[in-house]
Amino acid sequence: MIVNMSQSATDAEIDHVVSRIKECGYQAHVIHGAERTVIGAIGSNGRRSEIEALKAAPGVEDVIEIAHPFKLVSRQLQQRYTVVDVASVKIGGGELVVIAGPCSVESAEQLRETAHAVKSSGANLLRGGAYKPRTSPYDFQGLGIEALRLLRQASKETGLGIVTEVMSETDAETVAEYADMLQVGARNMQNFSLLRKLATLPRPILLKRGPSATVKEWLLAAEYLLAGGNPNVVLCERGIKTFETATRNTLDLAAVALVKELSHLPVVADPSHGTGMRSLIAPMSKAAVAAGADGLLIEVHPCPERALSDGPQSLDLPGFAELMKGLGKPSIRHVEAA
Ligand code: PEP
Ligand code: MN
């Protein structure tokens, strides 16, 4: 439930409501807005009727139910959009953030060449896979720790912050030492023990939507991260499984627009995995921006035909430069709270 304080509520009145919420068995999340303070009573085992009764407390304007099962990620609780800082790049801050790099880190030369090229074309963050979730156990699984070292080196040379996937709780702390942002891959979106672990680490999280996850399930996965103590979460739409087989996945841009209504978290689109087709990256990038995406995740390889993973959807270096030119400097569509 949400307790809306009146505009003139005093600090003492706010403190009183917070302590009543705790006494009733809930966690209290205080959000100071530009005009008023809103306090969320979050949890499942509290004494609800006593929270409703807070309508009568001094400084309280109203007590309302949060309409959705996700609470902390909801725009009902926080209308102001969250801005997530990744190595000083602000995602959700009104400027399009482009995260680019190879699907897998394959060698020092491949990563260095890609990193310098995407940097000079205007990418904001470098992404490369060290631990790869592959459908077949016989496919390239990533260079692991060696790739993490190469990513750090590329960051040193280019100044770009690093985004890379964490596949298991066991690797989480090590990956967090090398990376500026931790990606939860689509297949792990509902790996709740991994989410709980990542919630405790001091790194922002890029949470990909599961291939068969509904928007509600995706936002509830994000709720695990916020409830566990990590507010720095960026959602990533990477396409879902539908009956359509002409594209690798169906990039659900309606979900991008919808999530901007439902949640205050930034959302980025991944047209690379969302389509699986190089020719569709530019049009779907522009469509994602029109839908309100705060950023894009683009796979880039110096020689896609030799890529060890996801070559058909990777742009080559001139292709990425052209994409960046075509995007220009769009402003991000924000949505008024309903
Ligand atoms: C990737 O980002 O390279 C990847 C494996 O993505 P997803 O988890 O969306 O399939
Ligand atoms: Mn990939």
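**Close-up views of a predicted model**

**View 1. His16 and its place in helix α1.** In this predicted model, His16 is found in helix α1, which covers residues 11-23. The side chain is neither fully hidden nor fully open, since His16 has a relative accessible area of 37% and therefore counts as partly exposed, the class that lies between the 20% and 50% limits. The C-alpha atom of His16 is separated by 9.7 Å from that of Gly59, a residue 43 positions away along the chain.

**View 2. The manganese site, ligand 2.** Four residues coordinate the manganese ion (ligand 2), namely Cys103 through SG, His273 through NE2, Glu299 through OE and Asp310 through OD, at 2.0 to 2.4 Å. Along the chain, the donors of this ion follow the spacing C-x169-H-x25-E-x10-D. Glu299 belongs to strand β14 (residues 295-299), whereas Asp310 sits in the loop between β14 and α11 (317-327), so the pair ties together parts that are 11 residues apart in sequence. Glu299 has 0% relative accessibility and is therefore classed as buried, and Asp310, at 16% relative accessibility, also counts as buried, because the limit for that class is under 20%.

**View 3. The aromatic pair Phe192 and Tyr224.** The count of aromatic pairs in the model comes to one. In this pair, the ring centres of Phe192 and Tyr224 lie 4.5 Å apart and the ring planes meet at 25°, so the arrangement is classed as stacked, a class that requires planes under 30 degrees apart. Phe192 is part of helix α6 (residues 192-198) and Tyr224 is part of helix α7 (residues 215-227), so the contact ties together parts that are 32 residues apart in sequence. Phe192 is partly exposed, with a relative accessible area of 29%, and Tyr224 is likewise partly exposed, with a relative accessible area of 30%.

**View 4. The largest pocket and its lining.** The largest pocket holds about 470 Å³ of space. Its lining is made up of 20 residues, of which Gly33, Val38, Gln78, Gln79 and Arg80 are the closest to the pocket centre. Two elements, β1 (2-5) and β2 (27-32), are those that give two or more residues to this lining. Sorted by class, the lining contains eight nonpolar, seven polar and five charged residues. Both domain 1 (2-64) and domain 2 (84-337) take part in the lining of the largest pocket, with at least three residues drawn from each.

Technical notes: Residues numbered from 1 in each chain as written. Chains lettered and ligands numbered in written order. Predicted model: local features only at pLDDT ≥ 70, side-chain atom pairs only at ≥ 80, totals over all residues. Heavy atoms only, no water. 1 Å grid on protein atoms, 1.4 Å probe; cavity = no way out; pocket = protein on both sides within 12 Å on 5 of 7 lines; lining within 4 Å. Points joined across faces, edges and corners; volume = space filled by probe spheres on them. Helix = DSSP H or I, 4+ residues; strand = E, 2+ residues; numbered from the N terminus. Nonpolar A, V, L, I, M, F, W, Y, C, P; charged D, E, K, R; others polar. Domains from an automatic or database assignment. Donors = N, O, S within 2.8 Å, 3.2 Å for Na, K, Ca; no water. Buried < 20%, exposed > 50% of the residue type's maximum accessible area, 1.4 Å probe, protein only. Phe/Tyr/Trp six-rings, centres within 6.5 Å; stacked < 30°, edge-to-face > 60°.
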